[in-house]
Amino acid sequence: GKRIGILTSGGDCAGLNAVIRAVVHRAVLTYGWQVLGIKEGTQGLLQRPVQYQVLDLPQVDGNMMRMGGTILGTTNRGDPFAYPMADGSLKDRSDEIIGGYRELGLDALIGIGGDGSFAILHKLAQKGGLKMVGIPKTIDNDLGLTEVSVGYDTAVGVAVEALDRLQPTAASHARVMVLEVMGRDAGHIALAAGIAGGADVILIPEIAYSIEKIAAKIKQVRSTGRNFALVVVSEAVKTVDGTGVQKLFQGGQKRYGGIGDYIGEKIADATGAETRVTVLGHVQRGSMPSPRDRLVASAFGVHAVDLIAEGKFDRMVAWSNRGVIDVPITEAIARYAEVELDGALVKTARGLGISLGD
Ligand code: F6P
């Protein structure tokens, strides 16, 4: 039988443990293989001894389907090709990772990650002959060639729940509530949650906004006799003239989060409304996976193991047209998926009279 490794890499999200569970079930029950869980992404393969745990049915048959986070741990740190050393220098440590893979005697490795992690795993595979399959996860849902990534649906659900809770307090106090959500450079979470949560304004990075347009929408809402409004702001939104962004991206370094406060202030100035701001942050990553994420995680895990059985590597499993397919990982990395301006959700938002700030 084969021995396969599995690791989680990059930011965590809900559904990672459900993927691990699915991989172990398929590998053990269908093929009789052994599964080794590598600790903290590629970090586990860098350490000596290599940090891992054997994953058999008892390890995954508890509450793994339900549990947020990842039992293996994960990290955003350390591109092994330019690894930050204690003295501040960058060192190529890729050979150590390849050595770790060999030391464990792995026949293949399943990486659960996003585009950054896949790019690194692909480079390692090219250099050291690692046999690798990728499973897409990111709350941002910005990976190309897959309609959904693990974690996205749950994150949207958390943001919708926040709007459900903000609406009655907004109405009671006649306030404009601003909810800042994550998503990096893509507005998928904001757009989906904003529509489902009945927002009046949704700001996404793909559409530059102006405060005047937001204020006009809020005034229109008030003119109908409604005393409150809900505004969803994606964390990396930009104004039409570029202001409001510089303040947050100091020194050319991208740091997300905090734009909600700025927009809340500007809305108050422009409309005289009382505003309050909620920054949802990592709450979006840490909950129980939604049923949809559990299904996607399970289907992806099973298909990834089947790819290894078929000897198909350097591929990413993907959701497409009601089913699971697989695509070359290089194409998935290259195809960044922003919100499509002529897509169904933008049309829906506009059709509902939601302002997108433009
Ligand atoms: O990519 C997932 C994500 O949660 C983004 O939405 C967010 O910008 C970022 O990660 C936060 O990163 P960190 O966990 O390092 O604070």
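Leaving aside residues up to four places away in sequence, Ile 202 touches Ala 190, Leu 191, Gly 194, Val 232, Ala 349, Ile 354 and Leu 356. The model in which these contacts are found is a predicted one. Ile 202 also belongs to the largest nonpolar core, which has 110 residues, and together with Val 19, Val 23, Ala 159 and Val 231 it is among the members that touch the most other members. The element that gives the most to this core is helix 6, spanning residues 152–173, with 10 residues.

From the core the reader can turn to the sheet. It is an open sheet of four strands, arranged in the order 9-10-8-11, and the pairing is parallel. Its edges are formed by strand 9 (201–203) and strand 11 (274–279), each of which pairs on one side only, while the twist from one strand to the next averages 15°. Within the sheet, strand 8 (residues 175–181) and strand 10 (residues 229–234) are joined in the parallel sense over six bridges, and Glu 180 stands opposite Val 233 in strand 10. Helix 7, made up of residues 188–196, packs on the sheet, where it touches strand 8, strand 9 and strand 10, and its direction makes about 165° with that of strand 10.

The last stop is the ligand, around which lie Gly 11, Asn 76, Thr 138, Ile 139, Asp 140, Met 182, Gly 183, Arg 184, Glu 235, Tyr 256 and Arg 285.

Conventions
Residues numbered from 1 in each chain as written. Predicted model: local features only at pLDDT ≥ 70, side-chain atom pairs only at ≥ 80, totals over all residues. Pairing = 2+ DSSP bridges. Helix = DSSP H or I, 4+ residues; strand = E, 2+ residues; numbered from the N terminus. Axes fitted to C-alpha atoms, helices over the stretch in contact; angles between N-to-C directions. Contact = placed C-beta atoms within 7 Å. Near = placed C-beta within 6 Å. Core = buried A, V, L, I, M, F, W, Y, C linked by C-beta atoms within 7 Å. Buried ≥ 20, exposed ≤ 12 C-beta atoms within 10 Å, placed from the backbone.
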